[in-house]
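User: Could you walk me through this model and tell me what lies behind the terms you use? I would like to see each label set against its cut-off.

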Amino acid sequence: MTMNEIYTTVQGRVVAQPESRTTRGGVPFTAFRLASTVRRPNPQTRTYEDGPTNFFNVTAFRTLGANVGNSLKKGDPVVVYGRLRVNQWMRSDNIPATSVEIDAYSVGHDLTWGTTELVRVSRAQVDQSDRLADDAVQQVHAQLEGQIDPDAAESDEYVMHQGHPDAETADGFQAEEHDPDPEDATGGAVPDHLAAV
């Protein structure tokens, strides 16, 4: 991780429908607004009361972004972990403004409020409306392209083969580098279940 960066974990709710788009560099991402309300004990009533609400702009890139876009909706309780950034900018009327942003590394449902079930996908799809985006079809394509070990295709773990960092994979995602990238939310670390070849 980069020196002097601030990393945070925030519980809250998605307050607007997530938006999936692509950066000018062709990197897919999903952004959403997160509201986190402080709960404080009231010694007089001996109950918890709502305190002020903090708002965060959350952005998830590449595979995480595609999965977030296909998994979250307005109102969902979530837990977000990522790099914190305070963005200072000028409004159209030349008044300075500040927003708090999170470059998400992990996003998940907050199971305090309910249950969820993980559905593994062989390759994250930005557009799931096309019949070719079906996971069974994509799994076969990934096997044909050598991105999934056929012996592991039916198991819970997928063995991914990493190509050149600048190469674009068949699903439209640019292969991730090991070094942190300002436009990349992966943080550079490769999870244990990914095997570099």
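**Labels and their cut-offs**

Analyst: Happy to. The charged end of Arg13 sits over the ring of Trp113, 4.7 Å from the ring centre. A word on the basis: this is a predicted model, where local features need pLDDT of at least 70, side-chain atom pairs count only at pLDDT 80 or more, and totals for chains, interfaces and linings use all residues. Residues are numbered from 1 along each chain as its sequence is written, and side-chain values use heavy atoms, with hydrogens and water left out.

User: Why is the pair of Tyr7 and Tyr105 called tilted?

Analyst: A search of the whole structure finds 4 aromatic pairs. Rings of Phe, Tyr and Trp (its six-membered ring) pair if their centres lie within 6.5 Å; planes under 30 degrees apart are stacked, over 60 edge-to-face, and the rest tilted. Tyr7 and Tyr105 have ring centres 5.9 Å apart and planes at 50 degrees, so this pair is tilted. Tyr7 is in strand β1 and Tyr105 in strand β6, so the pair ties together parts 98 residues apart in sequence. Strands here (E, at least two residues), like helices (H or I, at least four), are DSSP runs numbered from the N terminus.

User: And why is the pair of Tyr81 and Tyr105 edge-to-face?

Analyst: Their planes stand at 70 degrees with the centres 6.2 Å apart, so the pair is edge-to-face. Tyr81 belongs to strand β5 and Tyr105 to strand β6, so parts 24 residues apart in sequence are tied together.

User: Is Tyr81 buried, exposed or partly exposed?

Analyst: Buried means under 20% relative accessible area, exposed over 50%, and partly exposed in between (1.4 Å probe, protein chains only). Tyr81, with 27%, is partly exposed. Tyr7 is partly exposed too, at 23%.

User: What makes Arg46 stand out in its backbone?

Analyst: Most residues other than glycine have a negative phi. Arg46 is not a glycine, yet its phi is positive, about 60 degrees. Arg46 is in the loop between β3 and β4, and its relative accessible area of 78% makes Arg46 exposed. Asn94 also has a positive phi, of about 65 degrees, without being a glycine. Asn94 lies in the loop between β5 and β6 and is exposed at 60%.

User: How do you know that β3 and β4 pair?

Analyst: Two strands pair if DSSP finds at least two bridges between them. β3 and β4 are joined by 13 bridges and run antiparallel; one of the bridges sets Arg33 against Asn57 in β4. β4 and β6 pass as well, with 3 bridges, and run parallel. In β6, Ile102 stands opposite Val58.

User: Which residues touch the most other members of the largest nonpolar core?

Analyst: Phe32, Leu34, Val58 and Val80 do, in a core of 13 residues. A nonpolar core is a set of buried Ala, Val, Leu, Ile, Met, Phe, Trp, Tyr and Cys residues joined through side-chain atoms within 4.5 Å. The largest share, 3 residues, comes from β4. Beyond its neighbours within four places in sequence, Val80 is in contact (heavy atoms within 4.5 Å) with residues including Phe32, Leu34, Val58 and Ile102.

Definitions and conventions. Lys NZ or Arg CZ within 6 Å of the ring centre and 35° of its normal.
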